[in-house]
Amino acid sequence: MVTDASGAAALPWLTAPLQRILATQRAHALLLHGPRGVGEFELALLLAQGWLCEAADVPLAARPCRRCASCHLVDARSHPDLMVLLPDALRQRLGWSGGDAEEGGAEKASKAKPSKDIKVEAVRAAVGFVQTTAARGRAKVLVLHPAERMNAIAANALLKTLEEPPGLARFVLCSGDPAALLPTIRSRCQRVALAAPEPAEASAWLAARGVPEPALMLAAAGGQPQEVLAWAEFGIDAALWSRLPGAVTAGDASVLHGWPLPLAVEALHKLCHDALCVATGAAPRYFPAPALRSRGDVARLVAWSRALADLARDAEHPWNVDLAVQAAVQQGREALNPPRIAGAARRTASLNSSR
Ligand SMILES: [Zn+2]
């Protein structure tokens, strides 16, 4: 059974790629990529644990053993030959603060808003780390997640070491968006693509974690089970998701209250996508068909989709979350209702006139 290095959530779909990579992969630098939430970071930690594992009686493909001293050190996030580079914001969210005290960035960052980037100072410290002798003699492993959060200066600081790695160095770069990486970084890594888990396996995994209607929620999250768990933190469940189309059709934005703007925009975009499917005679993908009762207006749905794409670009720096969501929902109401009603609604809608 595969568990992540904290011993928490088991991701059974990582077992096969873990065994395959440990058995066959000799490259010193790997680039793990796949759909959001598939578990690149969890797999990177397992690979690190496997390479550092000291169980003499366990074949490579069956590691990590989870019992030896080295495996325990990785689980405790205190292995001297493993360094994990995360943006400070992600480090805090995943509870890695203090785990890499030698990096020296966590304390400084606590006084300011935590950064979403992997900074050049941290990369330089990591380059120094891989060049020191392995304390336990197996390997020096550097995990970077997500690698696209290195800017060009930080990436360039890593480049030379990736090109001429010290003997025992191994690098695992995780990325949900490998196209955003410098081509020079990509070309120095062996790419390993991870596939989204099979729906049946992912649904069973969610059901075991107490998620009601896991198949419905899995479809809502585009097949990404870890997203479903992340959404649960904002109270998004099957009942709320099924209510969303009706609420937006009625112009009621309150259903999205408390959602982070990127998530609200993503949900509206999925609703727009499904409404276009229904309007053109195709099956919806993210919402249950019975929730999509009204037949929308194709031209207005296309315009809504464009407005949502614009909003998504600004979603990291919203001007006013409530106003943005309210305006997007009003435009959605116009698009989701048949043209006759939409004509009346348009006179009161504000999104078109304000953008
Ligand atoms: Zn072990």
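I count a contact when heavy atoms lie within 4.5 Å. With that in hand, I looked up Trp259, which touches Ile236, Leu240, Trp241, Leu244, Ala264 and Ala267, leaving out residues up to four places away in sequence.

A note on the source: this is a predicted model, where local features need pLDDT of at least 70, side-chain atom pairs count only at pLDDT 80 or more, and totals for chains, interfaces and linings use all residues. Residues are numbered from 1 along each chain as its sequence is written, and side-chain values use heavy atoms, with hydrogens and water left out.

Next I checked the cores (sets of buried Ala, Val, Leu, Ile, Met, Phe, Trp, Tyr and Cys residues joined through side-chain atoms within 4.5 Å; buried means under 20% relative accessible area with a 1.4 Å probe, protein chains only). The largest nonpolar core has 78 residues, and Trp241, Trp259 and Trp304 touch the most other members. Helix 13 (residues 261-279) gives the most to this core, 11 residues.

Then I turned to the sheet. Helices (H or I, at least four residues) and strands (E, at least two) are DSSP runs, numbered from the N terminus, and two strands pair if DSSP finds at least two bridges between them. I found five strands in an open sheet, ordered 2-3-4-1-5, with parallel pairing. Its edges are strand 2 (82-85) and strand 5 (190-193), each pairing on one side only.

I also looked at one pair inside: strand 3 (residues 140-144) and strand 4 (residues 169-175) are parallel over five bridges. There, Val141 stands opposite Arg170 of strand 4.

Methods:
Buried means under 20% relative accessible area, exposed over 50%, partly exposed in between (1.4 Å probe, protein chains only).
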